[in-house]
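Thanks for making the time this morning.

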Amino acid sequence: MAAPCAEDPSLERHFKGHRDAVTCVDFSINTKQLASGSMDSCLMVWHMKPQSRAYRFTGHKDAVTCVNFSPSGHLLASGSRDKTVRIWVPNVKGESTVFRAHTATVRSVHFCSDGQSFVTASDDKTVKVWATHRQKFLFSLSQHINWVRCAKFSPDGRLIVSASDDKTVKLWDKSSRECVHSYCEHGGFVTYVDFHPSGTCIAAAGMDNTVKVWDVRTHRLLQHYQLHSAAVNGLSFHPSGNYLITASSDSTLKILDLMEGRLLYTLHGHQPEVDFPVPPGRGRSVESVQSQPQEPVSVPQTLTSTLEHIVGQLDVLTQTVSILEQRLTLTEDKLKQCLENQQLIMQRATP
């Protein structure tokens, strides 16, 4: 069920709509929609287009812990503390299909690149794979011995990687359903893991304040970063694959240059959580949101323009990096050809 979000005249720089802490977020490039999940048991879908509606989706019975758009953006998956996964059609109707997925909290949900299947991870120590359109359970991967916090498909969909509180990262072959390798270098719970855009390596974040990068072909530890002063909660690769951003409980984000193997920037700005009292009459239950008809809220033009500008700048940056890489490759090829020609000349000149 979807309800238009109530209008907020003070909405200038921030999206308002959830009634409790926001736990997860995802963005669809194709449909220009933003999805968020919250402890209030709801999902919000925000449209980046001017004068468009933001919708609240209700259905989960407990906190929403993870959200992920399908590659096309036409479906949205959510996992919850209510042990279920829901697949939503992110429109005004807000229709969803319920998967009785796990026997404990669902921590992670992720679509395969073809959109035909998705993978879930849970506190019941299992990783499960599902058929999207047939709405069918396919198989379970169950070698972890503690909560599984995250599971992701490789870009080509042939591998699955999972991160667990058993201090391991496991690499799985989707076809054989076998564990290909276990990475055991972390000294604490592993909070997050993801594939490099090329699919040749993985990066994992841990409660031991570290970030590690492994080659999935040789299983060799490529890079080890100990730059944060507290647990690392998440990470994300830049589309070019040359940079990695990490998020930590030390209130900072760090951008790593993977080509150079060094810290590029530290982003400050987040502050420790402070609880402010809510004035009487200001708080509203989820039930009241469902039962009372409300006016749609429009995403402010200024915020839309700012977001579009940022996305545009990122696109330019990505294209610039790609062009530089191509030029560097051409330069290397020309240099190699010059050296080979020089060797041939020297060989001919030698009597």
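Strand β20, residues 211-215, is joined to β21 by four bridges, and the two strands run antiparallel; within that pairing, K212 stands opposite H224 of β21. Please keep in mind that this is a predicted model. The pair belongs to an open sheet of four strands, in the order β18-β19-β20-β21, with antiparallel pairing. Its edge strands are β18, residues 190-195, and β21, residues 221-225, each of which pairs on one side only, and from one strand to the next the twist averages 15°.

Let me move on to the charged pairs. How many salt bridges does the count come to? The count comes to six, and one of them is formed by R81 and D62, whose closest N and O atoms are 3.1 Å apart. Because R81 sits in the loop between β7 and β8 and D62 in the loop between β5 and β6, this pair ties together parts that are 19 residues apart in sequence. R81 is partly exposed, at 37% relative accessibility, and D62 is likewise counted as partly exposed, at 26%.

A further salt bridge links D165 with R149, with 2.4 Å between the closest N and O atoms. D165 lies in the loop between β15 and β16 and R149 in strand β14, so parts 16 residues apart in sequence are tied together. Is D165 buried or exposed? With a relative accessible area of 5%, D165 is buried, whereas R149, at 27%, counts as partly exposed.

The side chains of R158 and D156 also meet in a salt bridge, at 3.0 Å from N to O; R158 is exposed, with a relative accessible area of 59%, and D156 is partly exposed at 45%.

Finally, the surface: I310, L314 and L317 make a nonpolar patch of about 260 Å². Of these residues, L317 is placed in helix α2, residues 301-349, and counts as partly exposed because its relative accessibility is 43%.

How values were computed:
Residues are numbered from 1 along each chain as its sequence is written. This is a predicted model: local features need pLDDT of at least 70, side-chain atom pairs count only at pLDDT 80 or more; totals for chains, interfaces and linings use all residues. Side-chain values use heavy atoms; hydrogens and water are left out. Patches are made of residues with over 30% relative accessible area and no salt bridge: like charges are joined within 9 Å, nonpolar side chains (Val, Leu, Ile, Met, Phe, Trp, Tyr) within 5 Å. Accessible areas come from the Shrake-Rupley method with a 1.4 Å probe; for residues, only the protein chains shown count as cover. A salt bridge is a side-chain nitrogen of Lys or Arg within 4 Å of a carboxyl oxygen of Asp or Glu. Buried means under 20% relative accessible area, exposed over 50%, partly exposed in between (1.4 Å probe, protein chains only). Two strands pair if DSSP finds at least two bridges between them. Axes are lines fitted to C-alpha atoms, for helices over the stretch in contact, and angles run from 0 to 180 degrees between N-to-C directions.
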